[in-house]
Amino acid sequence: GEGPADIPPKAPLACFKFDEGSGDAAQNAVAGGPHAAEIHGAKFVEAGDGFALSFDGEVDYVHVKESDALNVTGTHLSVECWFRVGDPGGGDRGLFGNYDAGRGGYALFCTADGLAFRNGVTQSGPARPLDLSVSDGKWHHVVGIMDGGVMILYLDGEYVPGIGIEQVIKPSDVPFEIGRVGSVKPFNGEIDDVAVCEAVTKLKRD
């Protein structure tokens, strides 16, 4: 099948694994990227062989002070994380990103029906079908890709068709945060292994 554009691989800009287990800072596992992110309220919980962060859906979030490093622009981007929904709560809830509605940025959202990867310029992007909700109390892996201007979404390795128009990510004045995105409701549940790469990474469309 058709695969992502053949572009040179680039190291991730950031990967927050949340394996500190305690404290109020999350370290970036990628050398030379944004440094420690500030944890506001979110709690460390055991997940697999390490830890994840638990968010209350009200005031908890993680703030990356050096957000400019993650202010990716252009037509190639890959973002991903593991997440487990606690209380869906209705409506959109931000997983992470710097989405600025109508202006710029990007983000992954949990929605009332599932999942969405959005570009702030067009306020649109691929979304998970309505009958396949992620609010089942289980861990899920999501990848959002901007491949040459086409937005692509994978959930647990399953491809969700992209928006087949040329798009571009424009700069955002909104800080990059985890557990909330701009004015969208904060996320209720657990998030782990947040990564941002200024290129398409490893997945192909079948």
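Which two side chains meet in a salt bridge with 2.7 Å from N to O? Keep that in mind as you go through these points, and remember that the model is predicted.

1. The pair in question is Asp92 and Arg118, whose side chains meet in a salt bridge at 2.7 Å, N to O. Asp92 lies in the loop between E7 and strand E8 (93–97) while Arg118 is in strand E10, so the pair ties together parts of the chain that are 26 residues apart in sequence. As for how open they are, Asp92 is partly exposed at 27% relative accessibility, whereas Arg118 is buried at 18%. The cut-off for buried is under 20%.

2. Stay with Arg118 for a moment. Strand E10, where you'll find it, covers residues 115–119. The charged end of Arg118 sits over the ring of Phe109, 5.0 Å from the ring centre. Leaving aside neighbours within four places in sequence, Arg118 is in contact with several residues, among them Tyr99, Tyr106, Phe109, Ser124 and Met151. Asp92 is on that contact list too, and the side chains of Asp92 and Arg118 are also joined by a polar contact of 2.7 Å.

3. How many salt bridges are there? The count comes to six. One of them joins the side chains of Glu38 and Lys65, at 4.0 Å from N to O. This pair links distant parts of the chain, with Glu38 in strand E3 (residues 37–40) and Lys65 in the loop between strand E6 (61–63) and strand E7 (76–85), 27 residues apart. Glu38 is partly exposed, with 29% relative accessibility, and Lys65 is exposed, with 60%.

4. Next, have a look at Arg180. Its salt bridge is with Glu177, and the closest N and O atoms of the two are 2.7 Å apart. Arg180 is partly exposed at 26% relative accessible area, but Glu177 is buried at 6%. The charged end of Arg180 also sits over the ring of Tyr61, 3.5 Å from the ring centre.

5. Now for the rings. A pair of aromatic rings is described by how far apart the centres are and by the angle of the planes. The count here is five aromatic pairs. Take Tyr106 and Phe176: their ring centres are 6.4 Å apart and their planes are at 50 degrees, so this pair is tilted. Tilted covers what is left between stacked (under 30 degrees) and edge-to-face (over 60).

6. Tyr106 and Phe176 are both buried. Ring pairs also bring in Phe96, which forms a cluster with Tyr106 and Phe176.

7. Finally, Tyr154 and Tyr159 form another tilted aromatic pair, 5.7 Å from centre to centre with 45 degrees between the planes.

Terms used:
Residues are numbered from 1 along each chain as its sequence is written. This is a predicted model: local features need pLDDT of at least 70, side-chain atom pairs count only at pLDDT 80 or more; totals for chains, interfaces and linings use all residues. Side-chain values use heavy atoms; hydrogens and water are left out. Rings of Phe, Tyr and Trp (its six-membered ring) pair if their centres lie within 6.5 Å; planes under 30 degrees apart count as stacked, over 60 as edge-to-face and the rest as tilted. Buried means under 20% relative accessible area, exposed over 50%, partly exposed in between (1.4 Å probe, protein chains only). A charge sits over a ring if NZ of Lys or CZ of Arg is within 6 Å of the ring centre and within 35 degrees of the ring normal. Helices (H or I, at least four residues) and strands (E, at least two) are DSSP runs, numbered from the N terminus. A polar contact is a pair of N or O atoms within 3.5 Å; within protein, one must be able to donate a hydrogen and the other to accept it, and residues adjacent in sequence count only if both atoms are side-chain atoms. Contact means heavy atoms within 4.5 Å.
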